[in-house]
Structures are given as C-alpha cells and as structure tokens.
Amino acid sequence: MHPSIFSQRIQALRSAMAIRAIDACVILSSDPHLSEYLPERWQGRQWLSGFDGSAGTLLVTADFSGLWTDSRYWEQAGNALAGTGIEVMRAGAPDVPPPAGWLADTLPAGSRVNIDGKVLAVQAHRQWQKTLTDAGIALDCSVDVLDDIWASRPSAPHAPVYEHLPPYACRERAGNLKAVRAAMAEHGAQWHLLSTLDDIAWLLNLRGADVPHNPVFLSYLLIGPDSAQLFIACGKVDAALMQRLEHDGVQTLPYEQAASVLACLPEDQTLLVDPARSTLASLQAAAFVGKAEAINPSQLLKSRKNAAEIEHVRRTMEQDGAALCEFFAWFESTLGRERITELTVDEQITAARARRPNFVTTSFDTIAAFGPNGAMPHYRATEGAHAVIEGDGLLLIDSGGQYLGGTTDITRVVPVGQLGDDEKRDYTAVLKGMIALSQAVFPRGTASPLLDAIARMPIWQTGADYGHGTGHGVGYFMNVHEGPQSIAYRATVTPHMAMEPGMITSNEPGLYRPGRWGIRIENLVVAVPAVETEFGEFLKFETLTLCPIDTRCIKVAMLTTAEREWLNAYHDEVRRRLSPLLHGDALAWLTERTAAL
C-alpha cells in the first residue's frame, strides 16, 4: 500500500481521539488472549502503520506518531514506515524511553491516555498505571478506539476445533486437569481462569487453526473444583467432541458468556489468575470473587515434555530434517540454472515439509533472507520486496513446521557464490557459540537467562554481539515460542525460568552486520540429566534438530579440536538417522554435506 494510506488512517484515529477527548492512543500488538501471532481482527497496529513485524507498540498523539520495536525489527520498521509520518522508536536503545515513559515526559498533567483493556495484560496495566499516574496522567482502558474508524474490521476466526489424539497425545485430559487443580489448591483457589490459548489447548488435548502458525483456538477456560467451562464460539466444537469433553467434566458455553460467568463467582471463594497472562478486562469481569496471583500452572507443566513426547519429537526431527535435505539438494542443483528468489525458497521448503507424514502447517513465517536482508533478524520477503538469489553472499533460512508429533524451528546459513574471510569469520564465531551452548553442563534449576553468556562468549571475543535472545521454549505441536524458560541475559530473572529436564529450547546465537549480511545457526535442544554428584543434579542438552551445518562457510582454523569433534559427531548422527529416509539426489547431498572436517 502507498504510505499515504497509513497517514490517512492515523489522521482518522486522531479525529476519533479528539471526539473522545483522548490525548494519546496506544495500540498494542495483542489480542484478548495476549497471543504473539494475532488473528486479523486484532492486527490494528499493522492496519494503522503498515508494519507487520510480530512485536511493536504504536503510540499516537495529536502531533506525533511513533512505533516502538526491538532491535530485531529496527531496519525492517524503518523501511515499512518510510513516508507514513510514523517515527521508528528503537526500543532498548539507551536514548529511547519506553512508551509509558515517553508519555510521562511529554504530555502535560491532566492528559488522558487510552489503551484497550481487552488486550492489555493485568501486569502491564499496573506498570502503565504507575508511570502515568506519577505524572498526573489518566489512563482510560474502557474503549477500543479502532472500532470507531476500522469499518471493514475482520470478524473473529471460526476454524473448527479437533482433538489431539494418541499416540501423539501422550497425556490424558483428565490427568492434566487434575495436576492443575492440585496447583490451585496450593494457592488456596477453588477457581482458575485461563485466557492464553496454548495453555487451554494443551490442557484439553485440543487443537485449532484460529491463529496463524499456532494450532490453537479462541476460547477461555474456567476450571472449578469438580468441573470446567470452555467458552468458545458456537459451532466450533462438534457434537461428538462435545460429548467427550463432557465425559471429562468440561462443559462448553458460548464465548461471549465468559464475562457474565466470571461476574457470578462467589465472593467467599478465590480465583487463581496469572497477571502476565490475563487481561485487565477479564479481571474486571471477575469483580467480586477473591483473587490469588501466580503463574498459570499449565505453563510449568507443559514446558516439561515427558519421555513419550520427546521420543515423538525425535522422530519428527528426522522427518523434518529429511525434508530440509530434499530442499537443499533441489536448491543447490537449481541455483544458477533457474531464477530463485527468497519467495521461491519459502515455497519449496514448505512443499518439502508438506510431503512428510503428520505435517500440519508451518510454525511461523519462513525467513529467507539473502545478503543484506539477512541483517534483519525477522526479515520477511514479500511480493513487492524480495531478493533474487544470485551473485555472492550468504542466504539465511529460518523455518519450521507443526507436526502431530512436535514443533520444529531451525536456522541454517548457506553460501551463494564466493565468500570473503569476514563472512567466514563471523559464521565461525556464531558456530562456536552454538557449539558451546550445545555442550553446556549446568546445575538443575539454573535460571535459564544465565546460560546466555555461554553462547555469546565466542562472539563477544570478536567484539560483536546480537540483540535477540539465544533461546526460547518450544511447544509440543503447540506454539513455537513458549515459556517460561528464556535464554536471554537481558530478561528479568524469575523463579519460573529454572531449567528443568524435558524443557525444549532453541539454541540460536547470531551476528548481524547491517547492509552486509546476517548469520544465525539454530538447533532445538532438550534438557536431560547429565550427572548426579554430592554437589547435586546436573543437566545437559541433547540436540534434537537434524540437518547439516554448512562447513563451506567455516574458517576451520578458528575451531578448537573439541569443536571440530563435536561438529563431526553431530554430522555422523545426522547422516545415520536421515539416510534411511532419503534416496537419490537428497541422499547424495546429505552424504556430501556431512563429510568430516
């Protein structure tokens, strides 16, 4: 779209703000379930600004509009917002205050700020409230101003819900509910409200397609002492599934009845809520019942995959790795003979996965970034802006799939044409960081952010760094990004970030040189027991991802003997497990790319 379209929409928002006596309007990247990936109805920030990154906050006043986004998107946001009049605010930069701080510093006392309370987390509301109140500014969360100006706003998605069944579903619905009720009792709660869609889908062994890439569905779940109520749009659950849910004590009610049921909870009882994963509007609906606050118990339960789930993930990684071998064999044989673009890479890699058993959908939008585009960590090629793969440079491909037996997320970087020493030096530094974390041994219960420095050290030693975290939790046929663990030293450490056996986490250090290239190498790993001594239990990582790491990009002299041995052993394992699933050109490619250094 032409930038003027977004300028006009911002002006329409200002007119609506003036009518409602609002001095500043904040549009979050959020929905009523605080999802990372949003249904179209709640993509208001993108509709207003044109920026389609997964993270960003748009702030509009009468004479200013700015979009706060983190370093992953700085360059991408600059390109998307050019000509719109919206300023890129580099969140995390030393001279850029957060949005609430900017408002407190800029608006006069007595001003009024609007944020839609239906998409604002309770915890975030408290932070906004304190900052603005201290500056004498009122915070109004009672209205969604977008409804005033977005005439063609999409309706909520209505995809059917289905059951995640054995053998891939390795836990029983009744068992999940029992475990959560036990945690509720520890907090003295008779009721527990769940708004986050991955928690609900995991608890009930259900899946859907309401949110791009995540097999979840719009709903709320209220768990009581002996039964549970699933609030979901009529028609999404068929009669047979509804009956099976009722057998396990789960009643289905219309989605819009959640607020009225919450309002009727007894005053002398207690509702367990997670302030980071519940919206202000939902808490306000439960006005009379007592409250206990703690992390959703299901966050901790689902983060620790059991032995059967991990075994399914291993088998899924074999199929995913075989699909990638087929793609790379095609890519290398076709490069230079046919026109290949970043969009072609996305099409071909998705098609290769779709040919594999139990594939459902992608786990996120594929990032295929050639040359300078790779320096934008979350770059996305579009029909209107993409690169042709030709000449010399590095091609970064970050992709993943949702399978009945697990979720995958992998990044590989491959050479196109000739590489210079600087590119190889950066690539090898990143590889050394990835290997270092792969080999880590650490006490059970170590706060996950503390592991970040292990991967960064080889990169720091070159005088470089990267702005994103090194690792995020990954679901089991569920969201590709899940908590509570996060390998990111900038993250605020909480007790729930402790590394425990069964946690699947990404290992993805990177290095980005704007205007030149970007490098990220990513495997998924699972925490497993390492050793138990008089000093306690220790964990290590088992690498789950199976796909060759391109040795043509390596400056071999930079690797230690131990690092070469790790890489050769990894490639031996990749070749052993993927060879039976391949033949012809793909098998030949695998054999060549796993040759020992």
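Is Trp460 buried, exposed or partly exposed, and what is its relative accessibility? In this predicted model, Trp460 counts as partly exposed because its relative accessibility is 33%. Buried would require a value under 20%, and exposed a value over 50%. Trp460 is found in helix H16, which covers residues 452–460. Trp460 also contributes to a nonpolar surface patch. Met457 and Tyr489 make up this patch together with Trp460. The patch has an area of about 280 Å².

The chain is assigned three stretches as domains: domain 1 (5–148), domain 2 (162–302) and domain 3 (304–594). By these bounds, the residues of the patch, Met457, Trp460 and Tyr489, fall in domain 3.

Domain 2 and domain 3 were examined as a pair. Their C-alpha centres lie 33 Å apart. Contact involves 19 residues of domain 2 and 25 residues of domain 3. The size of an interface is often given as the accessible area lost when the parts come together. Between domain 2 and domain 3, the buried area is about 1900 Å². Carbon and sulfur atoms give 53% of that area. On the domain 2 side, Tyr168, His213 and Lys302 supply 34% of the area buried against domain 3.

A salt bridge joins the side chains of Glu309 and Arg171, with an N to O distance of 2.9 Å.

How values were computed
Residues are numbered from 1 along each chain as its sequence is written. This is a predicted model: local features need pLDDT of at least 70, side-chain atom pairs count only at pLDDT 80 or more; totals for chains, interfaces and linings use all residues. Side-chain values use heavy atoms; hydrogens and water are left out. Patches are made of residues with over 30% relative accessible area and no salt bridge: like charges are joined within 9 Å, nonpolar side chains (Val, Leu, Ile, Met, Phe, Trp, Tyr) within 5 Å. Accessible areas come from the Shrake-Rupley method with a 1.4 Å probe; for residues, only the protein chains shown count as cover. A salt bridge is a side-chain nitrogen of Lys or Arg within 4 Å of a carboxyl oxygen of Asp or Glu. Helices (H or I, at least four residues) and strands (E, at least two) are DSSP runs, numbered from the N terminus. Buried means under 20% relative accessible area, exposed over 50%, partly exposed in between (1.4 Å probe, protein chains only). Domain bounds come from an automatic or database domain assignment. Contact means heavy atoms within 4.5 Å. Buried area is the accessible area (1.4 Å probe) that two parts lose on being put together, summed over both.
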